[in-house]
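The following report goes through one protein chain, beginning with a single side-chain contact and ending with the chain as a whole.

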Amino acid sequence: MGIKQISVFLENTTGRLSEVTKTLAAAEVNLRAISIADTADFGILRIIADKTDKAVDALNMAGFTTRQTDVVAVEIEDTPGSLAKLMDVFQKSLVNIEYLYASLEGQVGKAVVIFKLEDHPKGLKILHDNNFKIAENF
């Protein structure tokens with residue numbers, strides 16, 4: 001279970017993010033979630049796309065360096081405290097979260113939180129055992 005995240009490694013220069021989004025638009029790929037982390041010299045753009053393989057092919061053809069990673073997307077209520085409840089489950093189970101980001105894409109009143117877990121199989125089992133809804137796509 002889980003979804004594929006695409007990481008795109010970018011030089012930290014003007015227009016680079018625009019080039020990525022134009023490349024994906026030309027390939028008719030829709031973004032479902034997006035996050036960027038940067039340093040002085042480079043950035044890592046993390047995306048969830050509706051057509052992962054097509055997105056990777058288009059980005060690679062345009063000269064971008066990409067990598068795919070297994071992540072888990074969990075649907076939670078879009079209410080105060082929902083994320084805290086989910087974090088509590090991970091903390092009690094000693095599952096390390098490497099990073100996370102969220103999308104409000106989906107049903108009204110719901111949010112989707114995307115996690116990169118240190119132990120992906122253990123995290124999936126814990127989520128399943130605690131009746132959290134895991135999104136296969138969104």
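In this predicted model, the side chains of Ser-7 and Gln-5 are joined by a polar contact of 3.5 Å. Ser-7 belongs to strand β1, which spans residues 3–11, and it counts as buried because its relative accessibility is 1%, against a cut-off of under 20%. Once neighbours within four places in sequence are set aside, the residues in contact with Ser-7 are Ile-44, Leu-45, Arg-46, Thr-65, Thr-66, Arg-67 and Thr-69.

Ile-47 lies in strand β3, residues 42–49, and is likewise buried, with a relative accessible area of 0%. Not counting residues up to four places away in sequence, Ile-47 touches Lys-4, Gln-5, Ile-6, Leu-24, Leu-31, Ala-33, Ile-34, Leu-59 and Tyr-101.

How many aromatic pairs does a search of the whole structure find? There is one, formed by Phe-90 and Phe-115, whose ring centres are 5.1 Å apart and whose planes stand at 65°, so that the pair is edge-to-face. The angle decides this class, because planes over 60 degrees apart count as edge-to-face. The pair links distant parts of the chain, since Phe-90 is in helix α3 and Phe-115 in strand β6, 25 residues apart.

| Residue | Relative accessible area |
|---|---|
| Ser-7 | 1% |
| Ile-47 | 0% |
| Phe-90 | 1% |
| Phe-115 | 0% |

Helix α4, residues 120–129, has His-120, Gly-123, Leu-124, Ile-126 and Leu-127 as buried residues. These residues cover an arc of only 165° around the axis, which means that they are on the same side of α4. The face turned away from that buried side carries Pro-121, Lys-125 and His-128, which are exposed. Among the elements that cover the buried residues of α4 are β4 (65–77), α3 (82–93), β6 (110–117) and β7 (133–135); α3 and β6 are also the elements that hold Phe-90 and Phe-115. Both ends of the helix have a local feature that may be described. At its start, a side-chain oxygen of Asp-119 comes to within 3.1 Å of the backbone nitrogen of Lys-122, and just after α4, Asn-131 adopts a positive phi of about 60°.

Taken as a whole, the protein chain contains four helices and seven strands, which follow one another from the N terminus in the order β-α-β-β-α-β-α-β-β-α-β. Its C-alpha atoms fill a box of roughly 40 × 30 × 25 Å along the principal axes. The radius of gyration of the protein chain is 16 Å, which agrees with the value near 14 Å that a compact globule of 138 residues would have. Of these 138 residues, 43% count as buried, and among contacts with a separation of 6 or more, 69% are between residues 24 or more positions apart. The accessible surface comes to about 7800 Å², with 52% of it belonging to carbon and sulfur atoms.

Key. Residues are numbered from 1 along each chain as its sequence is written. This is a predicted model: local features need pLDDT of at least 70, side-chain atom pairs count only at pLDDT 80 or more; totals for chains, interfaces and linings use all residues. Side-chain values use heavy atoms; hydrogens and water are left out. Buried means under 20% relative accessible area, exposed over 50%, partly exposed in between (1.4 Å probe, protein chains only). Helices (H or I, at least four residues) and strands (E, at least two) are DSSP runs, numbered from the N terminus. The arc is that of the directions from the helix axis to the C-beta atoms. Contact means heavy atoms within 4.5 Å. A polar contact is a pair of N or O atoms within 3.5 Å; within protein, one must be able to donate a hydrogen and the other to accept it, and residues adjacent in sequence count only if both atoms are side-chain atoms. The radius of gyration is taken over C-alpha atoms; the globule rule is 2.2 Å times the number of residues to the power 0.38. Accessible areas come from the Shrake-Rupley method with a 1.4 Å probe; for residues, only the protein chains shown count as cover. Rings of Phe, Tyr and Trp (its six-membered ring) pair if their centres lie within 6.5 Å; planes under 30 degrees apart count as stacked, over 60 as edge-to-face and the rest as tilted.
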